[in-house]
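Below is a short briefing on one structure. It covers aromatic residues, a helix pair and a loop residue.

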Amino acid sequence: MTLARRGGLRRGGVAALEICAVAALYYGSAELGLLQQLVRSQVTPLWPPTGIAVAALLLRGPRIWPGITLGALLANLSLGPSYAALFLIVVGNTLAPLCSYALLRSAGFRLELDRLHDALALIFLGAFTGTLVSATAGSGTLVFTNALSTDRFWTTWWVWWTGDAMGVLVVTPVLLVLCRAHPPRQVTPSRWAEVLLLLAATACVGLIDTSSTPLLFLGFPLLIWAAFRFRLAGAAPVALAVSIFAIIAANHGSGPFARHGMLTDMVTLQAYNASSALTALLVAAAVSERDRSQKEIARACGHLAELVSRLSVTGTQPIPPTADSGPRRGPPLAPDADSGSRPRPDSGSAPAPGETRHHSRSTYRPAPPPRRPTKPG
């Protein structure tokens with residue numbers, strides 16, 4: 001009883017620590033996301049807390065949902081127009097990650113994200129579908145409480161929804177990679193040089209994107225390079241960095257975001273962020289599937305080679321079937337009246353004394369008894 005009680009207390013303590021950690025991460029990332037707010041100091045084009053919440057649910061299960069609720073409450077406590085509106089916004093922010101988690105689990109999502117099926121599920125179910133709840137609940141609440149005018153509903157809804165979706169697309173994969181990361185072993189110097197070159201190229205692209213030059217498309221070669229050479233471990237951080245650079249450019253009104261309305265800029269920004277995230281996830285998943293298929297083919301070839309070597313050592317070779325090797329069909333032999341069975345005519349055994357075997361297909365007659373010699377005269 002004491003051991004069971006200690007085990008229960010330990011599990012409860014671990015769960016409480018996990019809930020507090022999720023709440024702290026949610027609140028901290030919300031404060032970072034609000035640095036790039038666009039609508040009412042509350043709606044941003046990238047909402048990292050949603051990505052953190054979905055990753056926490058995938059890694060630790062639905063038991064940590066109180067941490068999401070607590071973090072959402074702390075993040076919106078000073079922003080809500082009223083306590084009723086605050087309650088509805090917090091409920092929407094909690095239900096959205098839970099819906100994404102349920103949809104991903106029902107689709108058989110794997111944390112490795114090494115299948116094209118997993119990438120498509122994260123994009124269309126986890127990001128685009130599950131986050132509809134929070135965007136609708138949040139924007140509707142702001143309109144119903146007169147904190148937002150009706151004509152700005154769809155603009156706010158669009159920014160809210162795409163911000164949550166981008167949080168899932170660019171933040172969740174990074175967290176899944178970090179939770180499975182391990183110290184690299186047997187890495188060649190050329191590989192380290194390639195990593196440093198990729199980091200330097202990403203920094204240079206960031207400087208160009210945040211300047212007045214409209215060269216956002218330079219991020220796509222980086223995404224493809226990272227996905228092909230480093231799989232999800234390289235594609236996910238680069239996609240996050242490219243999205244952050246585009247958001248900074250949109251907030252400053254530089255590059256392709258200059259001299260346009262907010263709705264046009266948000267459509268352009270989120271279309272670019274979605275395209276970059278889709279490119280990174282799909283290419284990384286496709287390359288991982290190719291690598292896994294090649295490994296399975298190599299493993300099968302190894303098994304076949306081992307089988308052939310064993311057969312060559314033992315001298316056993318498979319005999320191909322011939323036309324005469326099939327079973328012969330014919331009328332069954334009738335059992336012998338005396339013994340209940342009859343030997344096969346071609347058995348090769350010698351006949352008993354006084355018997356003569358007739359190699360006929362259907363007869364077997366005993367030899368007649370020898371005649372006694374007749375006496376002469």
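Is phenylalanine 124 buried, partly exposed or exposed? In this predicted model, phenylalanine 124 has a relative accessible area of 47% and is therefore partly exposed, since that class lies between the buried limit of 20% and the exposed limit of 50%.

**Aromatic residues**
- Phenylalanine 128, at 22% relative accessibility, also counts as partly exposed.
- Seven aromatic pairs are counted, taking ring centres within 6.5 Å as a pair.
- One of them joins phenylalanine 124 and phenylalanine 128, whose ring centres are 5.9 Å apart; with the planes at 80°, the pair is edge-to-face.
- Both residues belong to one aromatic cluster, which also includes Phe153, Trp154, Trp157, Trp158 and Trp161.

**Helices α3 and α4**
- Helix α3 covers residues 65-76 and helix α4 residues 83-106; their axes come within 9 Å and cross at roughly 140°.
- The two helices are therefore oblique to each other.
- The crossing of α3 past α4 is right-handed.
- On the α3 side, the contact is made by Trp65, Ile68, Thr69, Ala72, Leu73 and Asn76.
- On the α4 side, Leu86, Ile89, Val90, Asn93, Thr94, Pro97 and Leu98 take part.
- Of these contact residues, nine are nonpolar, four are polar and none is charged.

**Arginine 180**
- Arginine 180 sits in the loop between α8 (172-179) and α9 (189-209).
- Its relative accessibility of 44% makes arginine 180 partly exposed.
- Beyond its neighbours within four places in sequence, arginine 180 contacts Leu111 and Glu112.
- Leucine 111 is 69 residues from arginine 180 in sequence, and their C-alpha atoms are 9.0 Å apart.

Conventions:
Residues are numbered from 1 along each chain as its sequence is written. This is a predicted model: local features need pLDDT of at least 70, side-chain atom pairs count only at pLDDT 80 or more; totals for chains, interfaces and linings use all residues. Side-chain values use heavy atoms; hydrogens and water are left out. Axes are lines fitted to C-alpha atoms, for helices over the stretch in contact, and angles run from 0 to 180 degrees between N-to-C directions. Helices (H or I, at least four residues) and strands (E, at least two) are DSSP runs, numbered from the N terminus. Angles under 35 degrees count as roughly parallel, over 145 as roughly antiparallel, 65 to 115 as roughly perpendicular and the rest as oblique. A crossing is left-handed if the near helix is turned anticlockwise from the far one by less than a right angle, and right-handed if clockwise. Contact means heavy atoms within 4.5 Å. Ala, Val, Leu, Ile, Met, Phe, Trp, Tyr, Cys and Pro count as nonpolar, Asp, Glu, Lys and Arg as charged, and the others, Gly among them, as polar. Buried means under 20% relative accessible area, exposed over 50%, partly exposed in between (1.4 Å probe, protein chains only). Rings of Phe, Tyr and Trp (its six-membered ring) pair if their centres lie within 6.5 Å; planes under 30 degrees apart count as stacked, over 60 as edge-to-face and the rest as tilted.
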